[in-house]
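Walk through this structure with me, contact by contact. Keep the 3D view open as you read.

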Amino acid sequence: DNIYRNAAVQAGVSDSMHWILYVICGSKESITQNKLADEWFYPKQTINSAVQQLLKLGLIELTKIQGKRNEKTVSLTDEGEKFCRRYIYPLIKAEKEAFLQLNDRERESFLRIFRRQNDYIRDHVQQL
């Protein structure tokens, strides 16, 4: 967590703003505020506040989804793309390179244990 918290501080944004940008930069599909809250287990108010701050900074824009009452996609502006090239993409690259430093057995074990841990967390959160 400290690595990511420090990365957010270096970028001049809050943790939640940093994670929103991280998700948008790393995603090939459209992201909504609801999806961010659901998949990252952030309260909707936290997501909304972070999105409002990112809008003020000109890093993201919201686009209404046709046929949906209040749902909007969150996407990067040109400024947001520049921000991600400077702060987010290098972090994603470092994660990938670190993973590739593991040998095949280590990667396999890591993924198996990580998936198992996520399953346990998901099950616990659903029981709350």
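A salt bridge here is a side-chain nitrogen of Lys or Arg within 4 Å of a carboxyl oxygen of Asp or Glu. The model is predicted, so local features need pLDDT of at least 70, side-chain atom pairs count only at pLDDT 80 or more, and totals for chains, interfaces and linings use all residues. Residues are numbered from 1 along each chain as its sequence is written, and side-chain values use heavy atoms, with hydrogens and water left out.

Start with the charged pairs. The salt-bridge rule gives a count of eight. One of them joins the side chains of R122 and D119, at 3.2 Å from N to O. Helices and strands are DSSP runs numbered from the N terminus (helices H or I, at least four residues; strands E, at least two). R122 and D119 both sit in helix α6 (residues 104–127), and because they are three residues apart there, about one helical turn separates them. How open are these two side chains? Buried means under 20% relative accessible area, exposed over 50%, and partly exposed in between (1.4 Å probe, protein chains only). R122 has 39% relative accessibility, so it counts as partly exposed. D119, at 40%, is partly exposed too.

Salt bridges with shared partners also join E29, K35 and E39 into one network. Within it, K35 bridges to E29, with the closest N and O atoms 1.9 Å apart. K35 is partly exposed at 24% relative accessibility. E29 is partly exposed as well, at 48%.

Which parts of the chain does the salt bridge between R5 and D15 link? The closest N and O atoms of R5 and D15 are 3.4 Å apart. R5 belongs to helix α1 (residues 2–11) and D15 to helix α2 (residues 15–26), so the pair, ten residues apart, links distant parts of the chain. R5 is partly exposed, with a relative accessible area of 37%. D15 is partly exposed at 29%.

A disulfide is a covalent bond between the sulfur atoms of two cysteines. The criterion used here is a pair of cysteine sulfur atoms within 2.5 Å. The count comes to one disulfide. C25 and C84 form a disulfide, with an S to S distance of 1.9 Å. C25 lies in helix α2 and C84 in helix α5 (residues 78–100), so the bond ties together parts that are 59 residues apart in sequence. Both C25 and C84 are buried.

Now the rings. Rings of Phe, Tyr and Trp (its six-membered ring) pair if their centres lie within 6.5 Å; planes under 30 degrees apart count as stacked, over 60 as edge-to-face and the rest as tilted. The structure holds seven aromatic pairs. Y4 and W19 make a tilted one, 5.0 Å centre to centre with 35 degrees between the planes. Because Y4 is in helix α1 and W19 in helix α2, this pair ties together parts 15 residues apart in sequence. Y4 is partly exposed at 22% relative accessibility, whereas W19 is buried at 19%. Y4 and W19 belong to a cluster that ring pairs build with Y22 and W40.

F110 and F114 form a stacked pair, 5.7 Å centre to centre and 10 degrees between the planes. They are four residues apart in helix α6, so about one helical turn separates them. F110 is partly exposed at 41% relative accessible area. F114 is partly exposed at 37%.

Finish with the strands. Strands of a sheet pair through backbone hydrogen bonds, either parallel or antiparallel. Two strands count as paired if DSSP finds at least two bridges between them. Three strands form an open sheet in the order β1-β3-β2, with antiparallel pairing. β1 pairs with β3 (residues 72–76) in the antiparallel sense over two bridges. In this sheet, I31 stands opposite V74 in β3.
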